[in-house]
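Let's walk through this model together, starting with a pair of helices and ending with a sheet. Keep the structure open beside you as you read.

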Amino acid sequence: METKLLSQFVGDPQQHSIERAIEHGAYQAWQKVLKEIAPADLIQIVKDSGLRGRGGAGFPTGMKWGFVPKETLKPKYLCCNADESEPGTCKDRVLLEGDPHAVVEGMMIASYAIDCHTAFFYIRGEYDVGQVRMSKAIDDAYAKGFLGKNILGSGYDLDIVVHRGGGAYICGEETALLSSLEGDKGLARLKPPFPAVEGLYNCPTIINNVETLANLPHIVMKGAQWFAGLGTEKSKGTRIFSVSGHVKNPGNYELELGYSLRDLVYGLAGGILDDKPLKAIIPGGSSTPLLLPDKIDTKLDFESVAAAGSMLGSGAVIVIHEETCIVWVAEILAHFYMHESCGKCTPCRQGTGWMYEILRRIEAGHGKMEDIDTLLDIADNIEGNTICPLGDAAAVPVISTVKLFRDEYVYHIEHGKCKVRSQFRLRVK
Amino acid sequence: MILSDSAKLQISQTATRYPKVRSAILPALHVAYEEHGYLSDQMYEEIAQVLGVKFIEVAEAASFYTMFPKAKRGKYLIQVCRNISCALLGSHHLTTYLLDKLNVGLGEITADGLFTVVEAECLGSCTTAPMMQVNAHYYENLTVEKVDRLIEEFRSQK
């Protein structure tokens, strides 16, 4: 069963209009915050709720906000990270297109908590519908007096600026997002200083994911204790999981954290396509290690997925059935990281290309047995040696597929062809 | 002058929304791309003049991102997602099917000037794979029949 907290109204085709959203309770939390809640108390409420970031890293949101210096003359900024581009992930899009006012209201609440008066909404350039709907939602919120100067007589001012990215996965990484927002190439920056202290235009900046922000109106209206009652001991609330690949009913499913992976894949998602045996699952987006079928009873919360040997990441569950060549899977992912490496750190810039070339060679039937260890060696030299997590992410699929399916690599090299060949072709109808 | 007066006005107005004018480089590139369907050094120069930044700052930013190509493309730019969720459901067949059907190579323009097919990395449409983006629009859950119909529609619209 889904627990529809954030996605409750996304099925309503008019939910993106401000009138319908208000009928469904939008901006009540914002009015409550302005009237009744001091910023410091708001931060405490979010800390008490246990909300953790939904972008991938799972950092506690209230704690992140708490890092913004109080005694500073510099302006503070909030950035909503809508640069959703982790392969397998399309859950933020559900909210941007289906309930944009929830995201706008979340941005308002977060801005107020950190005393920000100019917030930026950074959306990946390709998300056209999301950009149009969010821009309209923001314009309509101004017209209703929920944004602008002296909002609803509170004395609080807030502007939100929509900023379209230019097509670059790296800009989902928070420091690269800031570089991009400053008009630069999207290069990651060394931390510290952390953005909360020195971010956009060298000012304190908080970057929060779309889904993280969309939780805030609910927490404000129903309380920290209520929210903390959802999920598990350390993973609170719900998450929207994007289930893709070889399943009968791919889709976005909002689940209470701690839901069973088996019930998601075989229940809600209808089981494996053509009833083929399961080969592997990537549980949290392409940057997370694969899980074998014996991990199907893993619970979907940060701790349980980590204990199973992977990461909950962005909540993108990619299902792979038996008739899939794992070297081919690794090659596709390696191509992606090579393409998206920003080029700032040598191990990532060079290593992602080398890994792709070797995988392509093996996949094409010209692999050498020493390639396997060369791949691991390159991955090992990238991991931990780059400024941002893209390097680690690029190493993951290589290390994980070799570790779990070394026999397939060996077969591929010995026979010059796939051990199993994906039979899946484009459907006619 | 390549950029229209209205494009330049739009760029200078956008710049006022940011604390620092450099932030308006990406929005300016979007405006130029939407007006012309490609970018050029001349456009970089005009954007730099409107914003009061250096040519190299515009050129550097533009070269980093996939959405600001300098090459001209067909009227319909078809981007087929090649990443994992789409690949698992046959996106590579979709690409070859399109190239065969349109009788064109990857990245080339068809003889009638209508189509260019390229591969793209994950476009965030994973649960509706396989998919392609044609200009700004997403077309999802693609099948051979659907692709045939879409191509016919584009051809009839010209």
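Two residues are in contact here if their C-beta atoms, placed from the backbone, lie within 7 Å. This is a predicted model, in which local features need pLDDT of at least 70, side-chain atom pairs count only at pLDDT 80 or more, and totals for chains, interfaces and linings use all residues. Residues are numbered from 1 along each chain as its sequence is written, while chains are lettered from A and ligands numbered from 1 in the order in which they are written.

Begin in chain A, where helix 13 (residues 326-340) packs on helix 16 (residues 390-415). Helices (H or I, at least four residues) and strands (E, at least two) are DSSP runs, numbered from the N terminus. The two axes lie 9 Å apart, at an angle of about 160°; axes are lines fitted to C-alpha atoms, for helices over the stretch in contact, and angles run from 0 to 180 degrees between N-to-C directions. Helix 13 and helix 16 of chain A are therefore roughly antiparallel (an angle over 145 degrees). Among the residues that meet are Leu333(A) and Tyr337(A) from helix 13, and Val398(A) and Phe405(A) from helix 16.

Now turn to chain B, which has an open sheet of four strands in the order 2-1-3-4, with mixed pairing. Two strands pair if DSSP finds at least two bridges between them. Strand 2 (115-120) and strand 4 (137-139) of chain B are the edges, each pairing on one side only. Strand 1 (residues 76-81) of chain B runs parallel to strand 2, joined by six bridges. For Gln79(B), the bridge partner in strand 2 is Val118(B).

How values were computed
Parallel < 35°, antiparallel > 145°, perpendicular 65-115°, else oblique.
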